[in-house]
Amino acid sequence: MSSSVVPRSDVSNVCQLRIERFLTRAAEIEGILVSTRDGFEVASCLGRKMVPAKLAAMSSSMLAVADALAQSGGVQACDNIVIEGEQGRILLVGIKSEQHDLMITAFCSPQASLGRALWSLRECSKEIAQALHAVERPS
């Protein structure tokens with residue numbers, strides 16, 4: 001492991017802290033999971049009886065299919081996925097980090113504003129990326 005790579009426990013701690021803070025100010029989000037793009041849980045705050053490891057694996061699969069569709073459709077890579085159902089929405093948003101290939105999966109009520117939820121998650125994604133960058137390259 002190179003010295004610029006943050007140990008997994010530090011990544012988990014950084015992500016957990018950020019998503020806990022995020023949930024205190026994002027009423028439209030009912031639960032949140034940070035996972036690797038290859039399907040492993042990093043951090044989670046899930047209010048319902050959900051299995052984070054299972055959700056991380058399914059989110060990874062959804063992203064792989066969406067990436068393949070985006071490539072075939074000529075739009076390059078997939079940055080976000082929105083799943084809408086009668087009981088709510090599931091949003092997947094990438095986290096742009098130099099060292100870590102992560103994503104957020106968030107669960108919203110059907111009444112939540114889609115635009116506000118996406119904006120909030122993008123902001124959370126940026127905060128996580130900045131926090132990981134600060135840990136990777138301390139001042």
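The following paragraphs go through this predicted model from its overall fold to two individual residues.

The secondary structure of the protein chain consists of three helices and five strands. In sequence order these elements run α-β-β-α-β-β-β-α. The C-alpha trace spans about 45 × 40 × 25 Å along its principal axes. A compact globule of 139 residues would have a radius of gyration near 14 Å, and the protein chain, with 15 Å, therefore agrees with that expectation. Among the contacts with a separation of 6 or more, 55% join residues 24 or more positions apart.

Of the 139 residues in the protein chain, 44% are buried. The accessible surface comes to about 7,700 Å², and carbon and sulfur atoms account for 54% of that area.

In soluble globular proteins, nonpolar side chains tend to be buried together. The largest nonpolar core here has 28 residues, and the members that touch the most others are Ile29, Ile32, Val34, Leu121 and Ile128. Two or more residues each come from helix 1 (8-25), strand 1 (29-36), strand 2 (41-46), strand 4 (88-96), strand 5 (101-108) and helix 3 (114-136). Helix 3 contributes the most, with eight residues. Leucine 121 shows how these parts meet: leaving out residues up to four places away in sequence, Leu121 touches Phe22, Ile29, Ile32, Leu91, Val93, Ile104 and Ala106. Another core, of seven residues, lies apart from the largest one and includes Leu63, Ala66, Ala70 and Cys78.

Isoleucine 81 is located in strand 3 (residues 80-85). Its relative accessibility is 9%, so isoleucine 81 counts as buried, the cut-off being under 20%. Beyond the residues up to four places away in sequence, isoleucine 81 touches Met62, Leu63, Ala66, Ile90, Leu91 and Leu92. Two of these residues, Leu63 and Ala66, are named above as members of the seven-residue core, and Leu91 is also touched by Leu121. Isoleucine 19 is 62 residues from isoleucine 81 along the chain, and the C-alpha atoms of the two are separated by 19 Å.

Serine 59 gives a polar case. Serine 59 sits in helix 2 (residues 52-72). With a relative accessibility of 5%, serine 59 is classed as buried because this value falls under the 20% cut-off. Apart from neighbours within four places in sequence, serine 59 is in contact with Leu92, Met103 and Thr105. With threonine 105 there is a polar contact between the two side chains, at 2.8 Å. Leu92 is also among the residues touched by isoleucine 81.

Definitions and conventions
Residues are numbered from 1 along each chain as its sequence is written. This is a predicted model: local features need pLDDT of at least 70, side-chain atom pairs count only at pLDDT 80 or more; totals for chains, interfaces and linings use all residues. Side-chain values use heavy atoms; hydrogens and water are left out. A nonpolar core is a set of buried Ala, Val, Leu, Ile, Met, Phe, Trp, Tyr and Cys residues joined through side-chain atoms within 4.5 Å. Buried means under 20% relative accessible area, exposed over 50%, partly exposed in between (1.4 Å probe, protein chains only). Helices (H or I, at least four residues) and strands (E, at least two) are DSSP runs, numbered from the N terminus. Contact means heavy atoms within 4.5 Å. A polar contact is a pair of N or O atoms within 3.5 Å; within protein, one must be able to donate a hydrogen and the other to accept it, and residues adjacent in sequence count only if both atoms are side-chain atoms. The radius of gyration is taken over C-alpha atoms; the globule rule is 2.2 Å times the number of residues to the power 0.38. Accessible areas come from the Shrake-Rupley method with a 1.4 Å probe; for residues, only the protein chains shown count as cover.
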